[in-house]
Amino acid sequence: MAAVAAGLSALRKVRASDRKPALLGGAPMRREPFPSWPVFGEPEERGLLGVLRSAKWGRGSGKTVEAFEESYAKLVGARYCLATANGTSALLTALAAAGIEAGDEVVVPPYTFIATINVVLMRHALPVFADTDIETFQIDPKSIEAVMSPRTAAILPVHLGGAACDLDAITSIASRRNCIVIEDACQAHLAEWRGRRVGSIGKAGCFSFQASKNLNSGEGGAMLTNDAQFVERAFAFHNNGRARRTAAPDFTYASYGANLRLTEFQGALLLAQMERLERQARQRDENGRYLTSMLAEIDGIRPARTYAGCTRNAYHLYMFRYDASRFAGLSKAGFLKALRAEGIPASGGYAPLNREPFLEQVIQSKGYRAIYGEARLKQWREQNHCPANDRLCSEAIWLTQNMLLGPRSDMEQIVEAIQKIKAHAPALAKG
Ligand SMILES: *Cc1c(COP(=O)(O)O)cnc(C)c1O
């Protein structure tokens, strides 16, 4: 063993730049996979079997979803939590409870998962895109003000990648302009803004527990709020319009709605996964910071900056920008290919959502023309430019959260792989 360890450390000392990239026939930086996701064991098995054997599989009869709601509200620091079928339905429920409907405008970022936009369209509201702050990858507050109108009813910022968006600026715009903030915290479990957990600061905060997320039950979601009436409207909406049951079940309706309920099985999984969350978050944070300290030294690699108010980054994604001109013109696609060949799975992230062709179809639809009128839609089209976001999409590189759950040496390998690619960038660019 000692000989192996000595051999390894000798190998480490060979400068990364002296070794050939895997794409040019060298040995890859690593062959073993990064930590797998999800992480589970005894607590999950116990929780799932408990629900199974109770024969109470839905939230109407069991108490597991309610227990989860109580502990998640406590964890995030909000008064109320409503569990939902997924993050998309948490967002949809929040918009419904806020009364967002046809004729309303909602300011959204173009750099997010598509669900953030889809839920606005599902309410027949008009999504208005604010540009991205290219340094932080978050929605740019300056651009939010610029695209608002008297019809703006809500701002729907995303805490992208698990870092917090600029909540000071956004909440101050919202209160000045008399509209609400609904936080899309689907990637930001345990992230903080000035010491408060995100998702507890706006009118509502929405989380996803989809399989890739830092807290996961395969599918699942939650909406948090501090407003007692708001959560009751949300409950009814997610329960086919039926208000929270008081005595005997009856068939009266508070509103219209859908069935967006979470199952008891998912509640049990979440309670078990929650026990691991804080420890995992700490490890991601430690590794994420370490990685940033090293990557910031590489000319042409710019880790996403976090705002001073972001006191904790959940690192759902580790994000940085790649400058091809500092890598002998090696394209982003070429860089990603070289990185993957080194055993470092990385992705190029989102495409600019404000340019999605399906949006134009919606804007041209009968319903949207009837609701908003040709003049407003023409203006929307003319205004729909997000140049900083376009540039970000062409430069962004992502690593996923599970890659931050291993030893520090994993971070060093990521850095060495990039250094190796950089040293051989001219040859890689030609190939
Ligand atoms: C995952 C995600 C959603 C949607 O959550 P689902 O649980 O997949 O429906 C919404 N917004 C963002 C930013 C997300 O990352």
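Predicted model: local features only at pLDDT ≥ 70, side-chain atom pairs only at ≥ 80, totals over all residues.
**Entry 1: who surrounds the ligand**

I started with the shell. I counted 16 residues around the ligand, and the closest of them are Gly-87, Thr-88, Asp-184, Ser-208 and Lys-213. Then I sorted the shell by class: nine residues are polar, five are nonpolar and two are charged.

For Ser-208, a polar side-chain atom sits 2.6 Å from a ligand oxygen. Gln-187 uses its side chain, where an N or O atom lies 2.8 Å from a ligand oxygen.

How much of the ligand does the protein bury? On its own the ligand would expose 380 Å², and 93% of that is buried by the protein.

**Entry 2: the sheet with β8**

I moved on to an open sheet of three strands, which I read in the order β9-β8-β13, with antiparallel pairing. The edges are β9 (196–197) and β13 (310–312); each has a single partner strand, so one side of each has no neighbour in the sheet.

I also checked how β8 and β13 are joined. Strand β8, residues 192–193, is linked to β13 by two bridges, and the two run antiparallel. Looking for a residue pair, I found Glu-192 opposite Arg-312 of β13.

**Entry 3: the sheet with β14**

Another open sheet has three strands, ordered β12-β14-β15 and paired antiparallel. Which strands stand at its edges? They are β12 (301–303) and β15 (396–400), and since each has a single partner strand, one side of each is left without a neighbour in the sheet. I noted an average twist of 30° from one strand to the next.

For the β12 pairing, I found three bridges to β14 (residues 317–322), in the antiparallel sense.

Last, I looked at what lies across β12, β14 and β15. It is helix α10, residues 332–341, and the helix runs at about 25° to β15.

Note on methods
Residues numbered from 1 in each chain as written. Heavy atoms only, no water. Near = heavy atom within 4 Å. Polar contact = N/O pair within 3.5 Å; in protein donor to acceptor, adjacent residues only side chain to side chain. Areas by Shrake-Rupley, 256 points an atom, 1.4 Å probe, with all protein chains shown as cover. Nonpolar A, V, L, I, M, F, W, Y, C, P; charged D, E, K, R; others polar. Pairing = 2+ DSSP bridges. Helix = DSSP H or I, 4+ residues; strand = E, 2+ residues; numbered from the N terminus. Axes fitted to C-alpha atoms, helices over the stretch in contact; angles between N-to-C directions. Contact = heavy atoms within 4.5 Å.
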